[in-house]
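Trainee: Could you take me through one part of this model closely, with the cut-offs behind each term? I would like a look at the strand pairing and the aromatic rings around it.

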Amino acid sequence: MITMNTIIKHRIAVLCLVALVFQVSMRAQQFAVGNNLVYSATMTPNLSLETRLDSSWTLGIAGGFRPWPTDDTAQRKYRHFSIDLYGRKWTAGTPWRGWYYGYDALWVHYNLSNLKMRYFGMFGDARHHRIQGNVIGAGSFGGYAWDLGSGFGIDVQGGADLAWTHYRMYDCVHCGSPVARKNRVYLLPKVSVDVSWRF
């Protein structure tokens, strides 16, 4: 038999559940997961995770990993692993909507050979040699984000990083001792088109 005390407890439990759901919905879109379509076009799987710090700032981390070709004897290589830490300031006061600007710090490890592209002169030695090294950089960027509804969005971004790279150069695509070690500094432009889902 259901008592009045049981009914009151059930109603309190339902009210607490409704209040919890309302609170979660009010705090919705605390995180965003995204994919850079420009980076994906280089056949590099990539993912970003971003969180809201307050009403106008977000903090994120993005990474990409291209392990192929997996055959170490392949003549052409474009293997790399990247991590990019960034913060964005949303000028409209609402994250993931409207204009923004931000700052980032970048690290990339790469193993390249027989590349036809020069990427602003940075990897010219990889046309006839194998080069392996790291890039460390920092810079700023700006862009605009559109809310597509249902938590989805798209944004375009442009900027530049001042980057330093140190690499070893090899005659052989797989083995051998380095024939040279080099350090270079570049101003690297960056462009992205990101598709994201906020939750």
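Mentor: Happy to; what follows goes from confidence to strands, then to rings and loops. This is a predicted model, in which local features need pLDDT of at least 70 and side-chain atom pairs count only at pLDDT 80 or more, while totals for chains, interfaces and linings use all residues. Residues are numbered from 1 along each chain as its sequence is written, and side-chain values use heavy atoms, with hydrogens and water left out.

The pLDDT score is the predictor's confidence in each residue, from 0 to 100. Its mean over the protein chain is 87, and 84% of the residues reach 70 or more.

Now the strands, which are DSSP runs of E with at least two residues, numbered from the N terminus. Two of them pair if DSSP finds at least two bridges between them. Strand S8 (residues 180-198) pairs with strand S1 (residues 31-36) in the antiparallel sense over five bridges, and glycine 34 stands opposite serine 196 there. S8 also pairs with strand S7 (residues 152-170), again in the antiparallel sense, over 18 bridges. In that pairing, leucine 188 of S8 is the bridge partner of aspartate 161.

Next, the rings. The structure holds ten aromatic pairs, where rings of Phe, Tyr and Trp (its six-membered ring) pair if their centres lie within 6.5 Å; planes under 30 degrees apart count as stacked, over 60 as edge-to-face and the rest as tilted. One of the pairs is phenylalanine 31 with phenylalanine 199, stacked at 5.7 Å centre to centre with 25° between the planes. Phenylalanine 31 lies in strand S1 and phenylalanine 199 in the segment after S8, so this pair ties together parts that are 168 residues apart in sequence. Phenylalanine 31 is partly exposed at 37% relative accessible area, and phenylalanine 199 is partly exposed at 39%. For these words, buried means under 20% relative accessible area, exposed over 50% and partly exposed in between (1.4 Å probe, protein chains only). Phe31 and Phe199 also form one aromatic cluster with Trp197.

Arginine 130 brings a charge to a ring. This residue lies in strand S6 (residues 130-149), and its charged end sits over the ring of tyrosine 170, 4.2 Å from the centre. The criterion is NZ of Lys or CZ of Arg within 6 Å of the ring centre and within 35 degrees of the ring normal. Arginine 130 is buried, with a relative accessible area of 6%. Beyond four places in sequence, the residues that arginine 130 touches include Lys77, Asn111, Arg168 and His174. The side chains of arginine 130 and glutamine 132 are joined by a polar contact of 2.8 Å, meaning a pair of N or O atoms within 3.5 Å; within protein, one must be able to donate a hydrogen and the other to accept it, and residues adjacent in sequence count only if both atoms are side-chain atoms.

Finally, some backbone details in the loops. Tryptophan 68 and proline 69 are joined by a cis peptide bond, with omega about 0°; proline 69 is in the loop between strand S3 (57-66) and strand S4 (77-90). Tryptophan 96, in the loop between S4 and strand S5 (98-113), has a positive phi near 70° and is buried at 3% relative accessibility.

Note on methods:
Helix = DSSP H or I, 4+ residues; strand = E, 2+ residues; numbered from the N terminus. Contact = heavy atoms within 4.5 Å.
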